[in-house]
Amino acid sequence: MSDRHQQRQQRLKEQVDARIAAATETRGIVMVFTGNGKGKTTAAFGTALRACGHGKKAAAVQFIKGEWPNGERNLLAQHDVEFHVMATGFTWETQSRETDTLACQRVWQQARRLLADATLDLVILDEITYMVTMNYLELDELLQSLQQRPARQSVIITGRGCHRRLLDIADTVTEMRPIKHAFDAGIQAQQGIDW
């Protein structure tokens with residue numbers, strides 16, 4: 001049994017080593033965290049924490065989010081992560097297309113500046129998929145900014161219902177699927193756990 005295990009592990013090691021050897025390109029990547037499950041923003045900010053831990057420079061733009069306390073922002077700001085927040089809250093609360101569009105465009109100008117900044121290793125565009133879906137932001141404008149960003153800059157896009165063209169240009173796409181969530185059982189969202 002032990003010999004078979006060792007042989008399987010050796011074959012696996014050879015396959016992994018071959019994939020590592022074949023990966024020769026160095027450049028920034030576009031990652032998309034989408035799907036109906038929770039954890040997209042948390043995964044993006046976890047990546048920002050990782051980047052900061054390696055001495056990289058990150059920035060984040062949060063679309064849709066309001067001005068309520070944000071644990072990730074509180075921590076990342078201590079590591080000089082630049083934040084811009086649309087700060088209008090959820091669109092179902094504002095119920096004003098004009099107000100939301102103007103707020104989106106204001107924060108988008110900051111995002112465009114960040115996407116052109118060669119000193120940034122990572123830019124997070126949190127919940128930007130909704131801005132495209134709701135026509136607050138032109139898809140072509142977003143695509144152009146992504147394609148013209150500095151070569152070594154990575155970008156994370158989060159949100160449900162990601163447009164097919166964004167998925168096509170992404171290097172990595174992860175779909176979060178809901179299996180079970182405490183909120184569905186009537187348990188309140190908790191500071192430090194859910195936000």
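## Pairing of E1 and E6

In this predicted model, strand E1, which covers residues 30-34, pairs with E6 in the parallel sense, and 4 bridges join the two strands. Within this pairing, Met31 has Thr172 in E6 as its bridge partner.

## The sheet as a whole

The sheet is open and consists of 6 strands, which follow the order E3-E2-E4-E5-E1-E6 and pair in parallel. Strand E3 (82-85) and strand E6 (172-175) stand at its edges, and because each of them has a single partner strand, one side of each is left without a neighbour in the sheet. On average, and with direction ignored, neighbouring strands of this sheet are turned by 10° against each other.

## Helices packed on the sheet

Helix H2 packs on the sheet, where it touches E1, strand E2 (58-62), E3, strand E4 (122-126) and strand E5 (154-158), and the direction of H2 makes about 165° with that of E4. Helix H5, made of residues 97-115, packs on the sheet as well, touching E2, E3, E4 and E5, while its direction makes about 150° with that of E3.

## The second largest pocket

The second largest pocket holds about 230 Å³ of space, and its lining is formed by Met31, Thr47, Arg50, Ala51, His54, Lys56, Asp121, Leu122, Arg152 and Ser154. Sorted by class, this lining has 4 charged, 3 polar and 3 nonpolar residues. Helix H2 (residues 40-53) provides the largest share of the lining, namely 3 residues.

Ser154 lies in strand E5, and, when residues up to four places away in sequence are not counted, it touches Gly28, Ile29, Met31, Asp121, Leu122 and Val123.

## Ala87 in a loop

Ala87 is found in the loop that runs between E3 and helix H4 (91-94). From C-alpha to C-alpha, Ala87 and Gln62 are 8.2 Å apart in space, although 25 residues apart in sequence.

Terms used. Residues are numbered from 1 along each chain as its sequence is written. This is a predicted model: local features need pLDDT of at least 70, side-chain atom pairs count only at pLDDT 80 or more; totals for chains, interfaces and linings use all residues. Side-chain values use heavy atoms; hydrogens and water are left out. On a 1 Å grid over the protein atoms alone, a cavity is a set of points where a 1.4 Å probe fits but cannot get out, and a pocket is an open set with protein on both sides within 12 Å along at least five of seven lines; lining residues have an atom within 4 Å of a point. Grid points are joined across faces, edges and corners, and a volume is the space filled by probe spheres set on the points. Ala, Val, Leu, Ile, Met, Phe, Trp, Tyr, Cys and Pro count as nonpolar, Asp, Glu, Lys and Arg as charged, and the others, Gly among them, as polar. Two strands pair if DSSP finds at least two bridges between them. Axes are lines fitted to C-alpha atoms, for helices over the stretch in contact, and angles run from 0 to 180 degrees between N-to-C directions. Contact means heavy atoms within 4.5 Å.
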